[in-house]
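Welcome, and please take a moment to look over the model below. The notes that follow walk through it topic by topic.

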Amino acid sequence: MARGNFSLVTEFILLGFSDTRELQLLFFTLFLLVYAMVLLGNLLIIVMVRTDPKLSSPMYFLLCNLSFIDICYTSVTAPRVLVALLSERKAIAFEGCMAQLFFLHFVGSSEMFLLTVMAFDRYTAICRPLHYTAIMARRACWALVAACWAGGFLHSIVQTLLTLQLPFCGPNTIHSYFCDVPLVIRLACTDTALTEWLMASNSGLISLGCFLVLVASYALILATVWAHLSQGHWKALSTCASHVMVVTLFFVPCIFTYLRPSGSLPSDKYVCVIYTTLSPVMNPLIYTLRSNEVKESMWRLWKCCRA
């Protein structure tokens, strides 16, 4: 992996959350528990959707893909955090840092696009129910998911290349528990004002743009529900409520983190925990509790396993 000119830094030191051994063990326990919940909860959703014919609608197809993305997203940071919390030296190689940065933005931006597609799915189901089957056909769903991954890759490769062209020849301490663009470019031994604005425009505007599209879609859904007060529409709106919770939990911290130059405010590592760890663990809980179909499928799967 090529580096910027005159880069002398071979590794970065991740300070994590605390230097106190007792607190490190506490954070290790919490992260291990949350990571296990992410894996088990999202794997459960994937298994249910893949094995239950009653969960074959486009909504559950997209939910299955969201669960897969959440597993990948958390796995970019959580395993290394767990290792670092038990290690004396919190170091990550330059190449490892760049790889973590790349996959974090690749999977994270893919999730943003997928959440936008899921909002479009709910808008189509509620506002254009007669055309829903034609618009959200299986081939169209596959094309939309592929577009989400392609958009995530394009976004991430731009972010990574902008970071790699910077020289790193001095400080190598990152005040967080993982490598991210705003954290790394602060350590470059050159003027990064233009790079900061380019990256803020890239990541920040993608986050804000997707969020505004989501807000607009939910506003249209709400207007439709008020105009057609029927049991079916209220049931659909109930499904959207869980989606709103996921969107708020994921997008608001991302907008706070990326829609500003990296030096304008100090980094808040605890804000990063929300969208890198808490949001992926909340997805299976929210969708399981809010969806009767998922709860029924879970019960059928449980009875099948006991048989």
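**Briefing: helix packing, cores and selected residues**

The axes of α3 and α5 come within 7 Å of each other and cross at roughly 145 degrees. Here axes are lines fitted to C-alpha atoms, for helices over the stretch in contact, with angles running from 0 to 180 degrees between N-to-C directions. Please keep in mind that this is a predicted model, in which local features need pLDDT of at least 70 and side-chain atom pairs count only at pLDDT 80 or more, while totals for chains, interfaces and linings use all residues. Residues are numbered from 1 along each chain as its sequence is written, and side-chain values use heavy atoms, with hydrogens and water left out.

**Overall make-up**

- The protein has 10 helices and 3 strands; these are DSSP runs numbered from the N terminus, with helices being H or I of at least four residues and strands E of at least two.
- Along the sequence, the elements follow the order β-α-α-β-α-α-α-β-α-α-α-α-α.
- Of the 307 residues, 50% count as buried, where buried means under 20% relative accessible area, exposed over 50%, and partly exposed in between (1.4 Å probe, protein chains only).
- Among contacts (heavy atoms within 4.5 Å) between residues at least 6 apart in sequence, 81% join residues at least 24 apart.

- G152 is part of helix α5, and it counts as buried because its relative accessibility is 0%.
- Leaving out residues up to four places away in sequence, G152 touches H105, F106, S109, S110 and F113.
- The C-alpha atoms of G152 and E111 are separated by 8.1 Å, with the two residues 41 apart along the chain.
- T124 sits in helix α3 and is buried, because its relative accessibility is 1%.
- Not counting residues up to four places away in sequence, T124 touches P129, Y132, I135 and M136.

**Nonpolar cores**

- The largest nonpolar core has 58 residues, and those with the most contacts inside it are L62, L114, Y177, F250, F251 and Y275; such a core is a set of buried Ala, Val, Leu, Ile, Met, Phe, Trp, Tyr and Cys residues joined through side-chain atoms within 4.5 Å.
- At least two residues of this core come from each of α1, α2, α3, α5, α7, α8 and α9.
- The most is given by α2, with 15 residues.
- Beyond its neighbours within four places in sequence, F251 is in contact with M112, L115, S207, C210, F211 and L214.
- Another core of 21 residues lies apart from the largest one, and F94, I174, V184 and L187 are among its residues.

- F28 is placed in helix α1, and its C-alpha atom is 5.8 Å from that of L82, 54 residues apart along the chain.
- Setting aside residues up to four places away in sequence, F28 touches L82, L85 and L86.
- M37 also lies in helix α1; it counts as partly exposed because its relative accessibility is 35%.
- The C-alpha atoms of M37 and P284 are 9.1 Å apart, although 247 residues separate the two along the chain.
- Apart from residues up to four places away in sequence, M37 touches N42, V281 and L285.
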